[in-house]
Amino acid sequence: MKTTTSALYRLPTAVFLVAVGAVIFALSALADRPTRIPFTDVTVSGVLTDVCAFPVNVDATISGTETDYVDQSGTVTRIFIHSVEQDTFTANGRTLVGTPFTFNIEVLFDSSGNVTHIFASGLVETIPLPDGSLFVSAGRVDFTQHPGVQFLLSPDMGHTGDLAAFCAALSP
């Protein structure tokens, strides 16, 4: 009786495993392998105009890896970026240098190839301030909700650092 019971359990298990294998094979046939693109020391500059009562210049240096995912026709369906960034903020003759921080960006597309979301998650910024405190913002940002913005200090969801202390450190 044990052999029959054991055989009864093996058959559904075997059928399940074959079905899972078929699904995995079919899904892998629908897309080409992702393309990984490392990048180092990319520099980006911008101006924050909505954080302090004065404009703040930002210079960033970014290194990391971009992974592009495509479907069977070669159309990009998703982009994932893992990176480390260090920012320098200047205003009124004063400078703040942030510590390097890690974050991820995920760019999502609809079936027509249009960008639907650009999610950044992780640390948004870490900056040692002159008073010995540490400005830290972390969370998730959807850059599609902030058109034209290159730099943000406040995530859409998460924790925003002490903006008053940040601005005070750069005040004249």
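**Entry 1: a word on contacts.** Before I list any neighbours, I note that a contact here means heavy atoms within 4.5 Å. I also remind myself that this is a predicted model.

**Entry 2: Ser83.** I started with a serine in the strands. Ser83 sits in strand β3, which covers residues 76-91. Is Ser83 buried or exposed? I count Ser83 as buried, because its relative accessibility is 2% and the cut-off for buried is under 20%. Next I asked which residues Ser83 touches once its neighbours within four places in sequence are set aside. I found Phe39, Ile62, Ser63, Gly64, Phe101, Thr102 and Phe103.

Entry 3: I checked the confidence before going on. The mean pLDDT of the chain is 85, and 82% of the residues reach 70 or more. Residues 1-29 are another matter: pLDDT stays under 50 there, and the model has 1 contact beyond four places in sequence for this stretch. Where pLDDT is low, the predicted coordinates should not be read in detail. I leave that stretch alone.

**Entry 4: the overall layout.** I counted 2 helices and 8 strands in the chain. Read from the N terminus, the order is α-β-β-β-β-β-β-β-β-α. The chain has 172 residues, and 28% of them count as buried.

**Entry 5: the cores.** In soluble globular proteins, nonpolar side chains tend to be buried together. With that in mind, I looked for nonpolar cores. The largest one has 20 residues, and those with the most contacts inside it are Val56, Phe89, Leu96, Phe166 and Leu170. At least two residues of this core come from each of β2 (56-70), β3 and α2 (163-170). Which element gives the most to this core? Helix α2 does, with 5 residues. There is also a second, separate core of 10 residues, and I noted Phe101, Phe103, Val141 and Phe143 among its members.

I then followed Leu170 out to its contacts, again leaving aside neighbours within four places in sequence. Leu170 touches Phe54, Val56, Phe89, Ala91, Asn92, Arg94, Thr95 and Leu96.

**Entry 6: the disulfide.** How many disulfides are there? I count 1. The bond joins Cys52 to Cys167, with the sulfurs 2.1 Å apart. The torsion about the S-S bond of Cys52 and Cys167 is about -90°, so I wrote this disulfide down as left-handed. The pair links distant parts of the chain: Cys52 is in the loop between β1 (35-48) and β2, Cys167 is in helix α2, and the two are 115 residues apart. Both Cys52 and Cys167 are buried.

I looked at Ala168 as well, which lies in helix α2. Ala168 is partly exposed, with a relative accessible area of 48%. Ala168 and Cys52 are 116 residues apart in sequence, yet their C-alpha atoms are 8.7 Å apart in space.

**Entry 7: the aromatic rings.** A pair of aromatic rings is described by the distance of the centres and the angle of the planes. I found 3 aromatic pairs in the structure. The rings of Phe89 and Phe166 have their centres 5.3 Å apart and their planes at 90°, so this pair is edge-to-face. Phe89 belongs to strand β3 and Phe166 to helix α2, 77 residues apart. I count Phe89 as buried at 1% relative accessibility, and Phe166 as buried at 0%.

What kind of pair do the rings of Phe135 and Phe166 form? Their centres are 5.6 Å apart and their planes stand at 45°, so I call this pair tilted. Phe135 lies in strand β7 (residues 134-142) and Phe166 in helix α2, so the pair ties together parts 31 residues apart in sequence. Phe135 is buried too, with a relative accessible area of 1%. Through these ring pairs, Phe89, Phe135 and Phe166 are linked into a cluster.

How values were computed:
Residues numbered from 1 in each chain as written. Predicted model: local features only at pLDDT ≥ 70, side-chain atom pairs only at ≥ 80, totals over all residues. Heavy atoms only, no water. Helix = DSSP H or I, 4+ residues; strand = E, 2+ residues; numbered from the N terminus. Buried < 20%, exposed > 50% of the residue type's maximum accessible area, 1.4 Å probe, protein only. Core = buried A, V, L, I, M, F, W, Y, C linked by side-chain atoms within 4.5 Å. Disulfide = S-S within 2.5 Å. pLDDT = per-residue confidence, 0-100. Phe/Tyr/Trp six-rings, centres within 6.5 Å; stacked < 30°, edge-to-face > 60°.
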